[in-house]
Amino acid sequence: MADEARSLLGGSPASSPVLAGRGRVSSSSSSSSSSSAIPPGHSFRRVTLTKPTFCHYCTDFIWGLAGYLCEVCNFMSHEKCLKNVNIPCSCIAPSHVRVPVAHCFGPPGHYKRKFCTVCRKSLESPAFRCEVCELHVHTDCILFVCSDCRQCHQDGHQDHDTYHHHWREGNLPSGARCEVCKKTCGSSEVLSGMRCEWCGMLAHAACYVVVTPECTFGRLRSMILPPSCVQLFSRNFSKLHCFRISENLQTESEKKNYASQRTSRSEKEDTPRKIRHLVARSLFRFRLLPGRGVGVLPSRAPSSNEGDDVDGSTQGPAKDVQISTDSSKQTLKIFDGSDGVKRNQFRLISVPRIAKNEEVVEAALRAYYINDDQQEYELQTFTQQALLSDDVINRNDAAEDSNLGSVFRESVPEAWIIRAKPKDEEVIRIYPAWLQEGTAYISLRVNRDSTTQTVIKEVLPLLGRQAECLQNFRLVEVLMGGKQVQRMVLDSQKLILNRLEDIKKISIRQMNQTRFYIVENSKSTVQVNVFVGGLPPQLSPEEYMNILKDELAIKTNVVSLSHVYQAQGAVVLEISCFSEAERIYMLVKDTTINDKPLNAVVIPEVMASKIPQNCWPLLVFVNPKSGGLKGRDLLYCFRKLLNPHQVFELTNGGPLPGFHTFSKVPSFRVLVCGGDGTVGWVLGALEEIRHKLVCSEPSVAILPLGTGNDLGRVLRWGAGYSGEDPYSILISVDEADNVLMDRWTILLDAEEPAEGAENGVAEPEPPKIVQMNNYCGLGIDAELSLDFHHAREEEPGKFNSRFHNKGVYVKVGLQKISHTRNLHKDIKLQVDQREVELPNIEGLIFINIPSWGSGADLWGTDSDDRFEKPRIDDGLLEVVGVTGVVHMGQVQSGFRSGIRIAQGSYFRVTLLKPIPVQVDGEPWIQAPGQIIISAAGPKVHMLKKSKQKKKKLEA
Ligand SMILES: [Zn+2]
Ligand SMILES: [Zn+2]
Ligand SMILES: [Zn+2]
Ligand SMILES: [Zn+2]
Ligand SMILES: [Zn+2]
Ligand SMILES: [Zn+2]
């Protein structure tokens, strides 16, 4: 330990690659016991502090003038903390990854008070964040991100049932307390402190090492869909598709923001291209400042010779171009291998003009987060012609043998390429794909003669599997990119050293992110489930299959229908070929049938039998269009707090994909985030497919978004979400009480089409059935919401799928009907087969819950001999009249209640004229005819927020 500390402190930078492990050559093959034995690999140097600075290890202020800064990753430490630093440097972070899992980056956004995981600096906008873990990263740093995302499902590569804490450094919530020492462990000044991405445990860097590695998922354990119970073979699908995250996540305001920073480029650019631009245009320049060490400054790329990729139109907020004015320094462009050249991605370093060759090489390596021995690398010049030429890669490969001499020629070279010097021997690490306790990897020496086969032969005995047949194993090369983890089986005769050289030629960063796994051959069965919605309803399976054959040219030998939802016009396809699955998925999104766009959702398989007892995973539906920007934030929070596979965005195929995914789960609960209309939408869908669910009566909780939210109020979830901590919302859902609620079916049977029907063709409407949860209004009440509706585009998606068909005449001129306000003369009411005389009213309202029009009490609290006290589960509806707008206003203000007319369970209303009607706030004009209201199926189980918690808080 002391030796290690000494080498960290006093060792020359050239010796630090030894710490990184890669360069270490052991005299014999040896097995390393665990990855925690790898030292953190920083290159610390003493620096003079010129401004208030905090220690990244202990979060405390660094008093005095001296601190220790890692020249690679900018980790800042107290002198006293140096010997304890256990956070790995970004340059060796890939070797600490237990199971490589790519992150899921949406489009760049603006994130305040967050720090970059790679360079540890405060985020500049725009930056990326992972949509399923807490990783934040600069657009420029994204190439260096470690593929250490949460493993949210089994994918056939490294499946295991026990879960370890998944620690993520920094960006902790304010007020974070260490689980171990109970002291504050967060910091708003630096990237510091640790959080488990599953159980949410918080701890200091010093403290988290003593926590037992197994994660039990914490307080939300009973709600989290355990990752070991979900299976998804996803080779070809991007993470965004796997987690059903819409690629256009930007909210309107963010879009504007982004657009204003872009002057000319078309908005239709695809995301990868955008990212490439961002990476290409915004470069780092390393400055060596006396006493401050290496600073990483984002700077604008020089405008010349960048070509189209950096034409300045994608510039972010203009930053000062801080080209060093120090004449003793020179700035060099460094490319990482042929990949960097091909993409025209380079980094700028600034080195003293009198720097030695090896100092330049070292600075170049650090710019790419490589901490190997600089002696194993060299820089090759790179001419302008080469840059502009098409066959630039060949040229450089060909030029490799020529000795290019000193870095310092008379004409200062613009650009250099980092190249690894050829070696006759290397030590590689072989990881067993089966996670073996105690063995992270085997270090193995390979030479010019080593092939895949000889490597497997040597490794098996070291893993205790010498008795097994060589043919049963393969060597898999895994490129652990932050955005994608790519696997490639190596040919058994492949010369390993040649392969390593090839990778290094492409990019030494890629070499740093590449691993070799020894994998057991298995008959892996490919199965991808894709939900396809938006098809015409009520067709036979054969008819659906024919449509799919016609529209998507599906290959029937690898595609079969596993489920058909006739009523909803949806099918689930089982596809046994990755490329076919991907092709279908992409094609479906561009296909319309009868002018209706199809939608596709990748469905994970929930292995219901593995779900532990006492686990009722929460199925979360979020309507991102409800409540302004909050929907998107909630999606992100719930994906992060739970398993992203249990969070469904309703704009992506409605509630059906979620219910289908959970159809075999023995017991689950539902959380709907949205307005009353959204809740009605989900309850309606549940009613339709409950007979296909193992858990046919899940309890439903509500997170009310937007305005209105009468049902949310009645069930104590509040009038609307105002930014409460999503974690405590989940706790409330867990603690909520189960209550029953009546639901109602409204049958609308028009005798003749309403005036102003499409084309004016007098064609009788087929009867229409809608479901009602809250209330249904006729007359003035509906008319007002009809007016209101045009201004309110709160839930367009829901409106379309619920009621919007030929019977909805929202656009009918209101003037025609608005002055005939004698509703009692225009309708007849029958309650439980008895005619009811109507008083003089302008509005008639049927209420199921004691909240109407954003919280008003229409029935009132007075006791009345004629009627039962209303309940939401008594199988009765209350019927109330209002005399006009003034009366409605008085009800809203709580001065009066409505006129009590009746209570019953079966209603027939006869409309003699076209009348505005609204159901749960959704209005239209209904043509003359019959309206029948009756109980709909069994009562639903709702979750009512428990009062107890409030009391506890108040006490
Ligand atoms: Zn410290
Ligand atoms: Zn470092
Ligand atoms: Zn960064
Ligand atoms: Zn992630
Ligand atoms: Zn944990
Ligand atoms: Zn602590």
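Guide: Start with one pair of residues: Gly533 has Asn599, in E27, as its bridge partner. The model is a predicted one.

Visitor: How do you know that strand E22 and E27 pair?

Guide: Pairing takes at least two bridges. Strand E22 (residues 528-533) and E27 are joined by five bridges, so by that rule they pair. The two run antiparallel.

Visitor: What makes E23 and E27 edge strands?

Guide: The order in the open sheet of four strands is E23-E24-E22-E27, with antiparallel pairing. Strand E23 (559-565) and strand E27 (599-603) each pair on one side only, and they are the edge strands. On average, neighbouring strands of this sheet are turned by 25° against each other, direction ignored.

Visitor: Which helices pack on this sheet?

Guide: Helix H13 (residues 541-552) does, touching E23 and strand E24 (570-575). The direction of H13 makes about 125° with that of E23. Helix H14 (residues 578-588) also packs on the sheet and touches E22, E23, E24 and E27. The direction of H14 makes about 20° with that of E22.

Visitor: What does Val530 touch, leaving out residues up to four places away in sequence?

Guide: Its contacts include Leu573, Ile575, Ala581, Ile584 and Tyr585, and also Ala600, Val602 and Ile603. Touching here means that C-beta atoms lie within 7 Å. Val530 is also one of the residues with the most contacts inside the largest nonpolar core, which has 240 residues. Members of such a core are buried, and buried residues make up 46% of the 955 residues in the chain.

Visitor: Why is strand E32 called largely enclosed?

Guide: A residue counts as buried if 20 or more other C-beta atoms lie within 10 Å of its own. In strand E32 (residues 699-704), six of the six residues are buried, so the strand is largely enclosed by the rest of the structure. Ser699, Ala701 and Leu703 point one way, Val700, Ile702 and Pro704 the other way, and all are buried.

Visitor: How do you know that E31 and E32 pair, and in which sense?

Guide: The rule is again at least two bridges. Strand E31 (residues 669-674) and E32 have six bridges, so they pair, in the parallel sense. Val670 stands opposite Val700 in E32.

Visitor: Which elements make the β-α-β unit, and what is its hand?

Guide: E31, helix H17 (residues 676-689) and E32 make the unit, and it is right-handed. That word applies because, with the strands pointing away from the viewer, the path from the first strand over the helix to the second runs clockwise.

How values were computed. Residues numbered from 1 in each chain as written. Chains lettered and ligands numbered in written order. Predicted model: local features only at pLDDT ≥ 70, side-chain atom pairs only at ≥ 80, totals over all residues. Axes fitted to C-alpha atoms, helices over the stretch in contact; angles between N-to-C directions. Contact = placed C-beta atoms within 7 Å. Buried ≥ 20, exposed ≤ 12 C-beta atoms within 10 Å, placed from the backbone. Core = buried A, V, L, I, M, F, W, Y, C linked by C-beta atoms within 7 Å.
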